[in-house]
Amino acid sequence: MSTVQNLTIVIATLALTIVIGYAIIPILHKMKFGQTIREEGPKAHQQKAGTPTMGGLIFFASITISTLIFSFLYDVWSTEVWIMLIVFIGYGLIGFLDDFIIVVMKRNLGLTSLQKLIAQIVVGVIAYFLLRQSEYFDTAIAIPFTSWTIDLGIFYVVFLVFWLVGFSNAINLTDGLDGLVGGTTFFTFTAFAWIAYAADVVSVTFVSIITATAMIGFLYFNRKPAKVFMGDTGSLALGGLIATISILLKIELLLLLIGLIYVIETLSVIIQVISFKTTGKRVFKMSPIHHHFELSGWSEWRVVLTFWFVSFISALIAVLLEVYV
């Protein structure tokens, strides 16, 4: 793809995301799709009560539309694009159903953990069988920055499903502050675009550029003070897509560095739960860890900027080591 084509994609996707945002947010307000804030959370968050959630629909729509239009316009349609779209849409629909049950039907728990897990596994298995038709299918996992690989053979499907479920939930846990996930995922998809371009994987470069651009557009509405939250609709879709791209590029384990913030957020929850259940004591003032820093006196904006910076540095290091070393 040429520079002109890439620039066209960026401009069109950014404009589309902003237009959709201006169209959807008033509808979410009118339908009273407001966020409920947990009582045990930071008190400063109580003022966010009523801010529309399900805002993930904004970039969910723009990414899907841009991918469909430009994949045909620039002839980059492939099995890989199908895989990315199916996971993105599938996980987005799971998140939408969860948000809908909580916000519209007023059932606080949404989908049960088992229901959500089963749905995520089903989408993952579908992705696996589609991946088998791809030229990039390989049951071996590369050890970053080495020539070593681990061939999982028939167990690769288990790993793939675990990776999709794990990272979709990791992004969901990270989504707790204005602009936090929007910024961190921008750096993640920019890193993917860079690595994919260097590896000449056109389809992944294309989708990564679209998604990174859509996150900039979403940040226009989601930056502090947020006019809308992405909800599970957005976080699950982004997490599924992140895991899928790492699989297509065969950089599964490198994602642990590119997405270091998501790993830290998830580990903070795991550590907190294990510590409390085994000792009755909490390691952090609150998990995920971004709330710990808030309760330690950091402003929300300081936490977000710090996490953005860590995300930028970890993604940059991963790209430099993967592409140039």
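## Overall size

With 325 residues, a compact globule would have a radius of gyration near 20 Å; the protein agrees, at 19 Å. That radius is taken over C-alpha atoms, and the globule rule is 2.2 Å times the number of residues to the power 0.38. Along the principal axes, the C-alpha atoms fill a box of roughly 50 × 50 × 35 Å.

This is a predicted model: local features need pLDDT of at least 70, side-chain atom pairs count only at pLDDT 80 or more, and totals for chains, interfaces and linings use all residues. Residues are numbered from 1 along each chain as its sequence is written, and side-chain values use heavy atoms, leaving out hydrogens and water.

## Fold and burial

The protein has twelve helices and two strands. These are DSSP runs, numbered from the N terminus: helices are H or I with at least four residues, strands are E with at least two. From the N terminus, the order is α-α-α-α-β-β-α-α-α-α-α-α-α-α.

Of the 325 residues, 51% count as buried (under 20% relative accessible area; exposed is over 50%, partly exposed in between; 1.4 Å probe, protein chains only).

## Cis peptide bonds

Lys224 and Pro225 are joined by a cis peptide bond, with omega about -10 degrees. Pro225 lies in the loop between helix H7 (202–222) and helix H8 (231–248). The bond from Ser287 to Pro288 is also cis, with omega near 0 degrees. Pro288 sits in the loop between helix H10 (260–279) and helix H11 (289–295).

## Positive phi

Phe145 is not a glycine, yet its phi is near 65 degrees. Its loop runs between strand S1 (140–142) and strand S2 (149–151). Phe145 is partly exposed, at 44% relative accessibility.

Lys250 has a positive phi of about 55 degrees. It is in the loop between H8 and helix H9 (255–258). Lys250 is buried, at 19%.
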